[in-house]
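Open the model in your viewer and get ready to select side chains. This tour moves from one group of aromatic rings to the next.

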Amino acid sequence: VQLQASGGGLVQAGGSLRLSCAASGRTFSSIVMAWFRQVQGKEREFVAAVAWSTGNTYYTDSVKGRFTISRDNAKNTVYLQMNSLKPEDTAVYYCAADPRGGVTKGEYYYWGQGTLVTVSS
């Protein structure tokens, strides 16, 4: 599975961005797609995930109510709509995929390149 992330950029606090992650290559009957983020010097942390077959979603507490993860089956793409952005959301965002899924980076085998999100105060 190849993952191509895009959509990062610079935004003011309170603004919005939408990240995209296009998947190609090997397909699975069921797979979990997720977004993680990483600040330099810190561990990569879970942000959100969606189970492709059911559409069930999962979020870390700090983004609940502000971020929405969704998928487009026809485009094999997962999105992360980020609203009410805060400076502490600044990070490199990575998309990931795995048949198992979970909330830790070790549970994901496939990774896309990162896309930088910078939120200015």
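**The aromatic tour**

Select Phe-36, Phe-46, Tyr-108 and Trp-111: together they form one aromatic cluster. The model is predicted, so to speak of local features needs pLDDT of at least 70, side-chain atom pairs count only at pLDDT 80 or more, and totals for chains, interfaces and linings use all residues. Residues are numbered from 1 along each chain as its sequence is written, and side-chain values use heavy atoms, with hydrogens and water left out.

Rings of Phe, Tyr and Trp (its six-membered ring) pair if their centres lie within 6.5 Å; planes under 30 degrees apart are stacked, over 60 edge-to-face, and the rest tilted. That rule gives 5 aromatic pairs.

Keep Phe-36 and Phe-46 selected. Their ring centres are 5.7 Å apart and their planes lie at 80°, so this pair is edge-to-face. Now show the strands (DSSP runs of E, at least two residues, numbered from the N terminus). Phe-36 is in strand β4 (residues 32-38) and Phe-46 in strand β5 (residues 45-51), 10 residues apart. Both phenylalanines, Phe-36 and Phe-46, are buried (under 20% relative accessible area; exposed is over 50%, partly exposed in between, with a 1.4 Å probe and protein chains only).

Next, select Tyr-109 and Tyr-110. They pair edge-to-face, 4.8 Å centre to centre, with 85° between the planes. Which of the two is buried, and which exposed? Tyr-109 has 63% relative accessibility and counts as exposed. Tyr-110, at 13%, counts as buried.

Last stop: Arg-44. Its charged end sits over the ring of Tyr-94, 3.6 Å from the centre (CZ of Arg or NZ of Lys within 6 Å of the ring centre and within 35 degrees of the ring normal). Arg-44 also lies over the face of Trp-111, 4.9 Å from the ring centre.

Methods:
Helix = DSSP H or I, 4+ residues; strand = E, 2+ residues; numbered from the N terminus.
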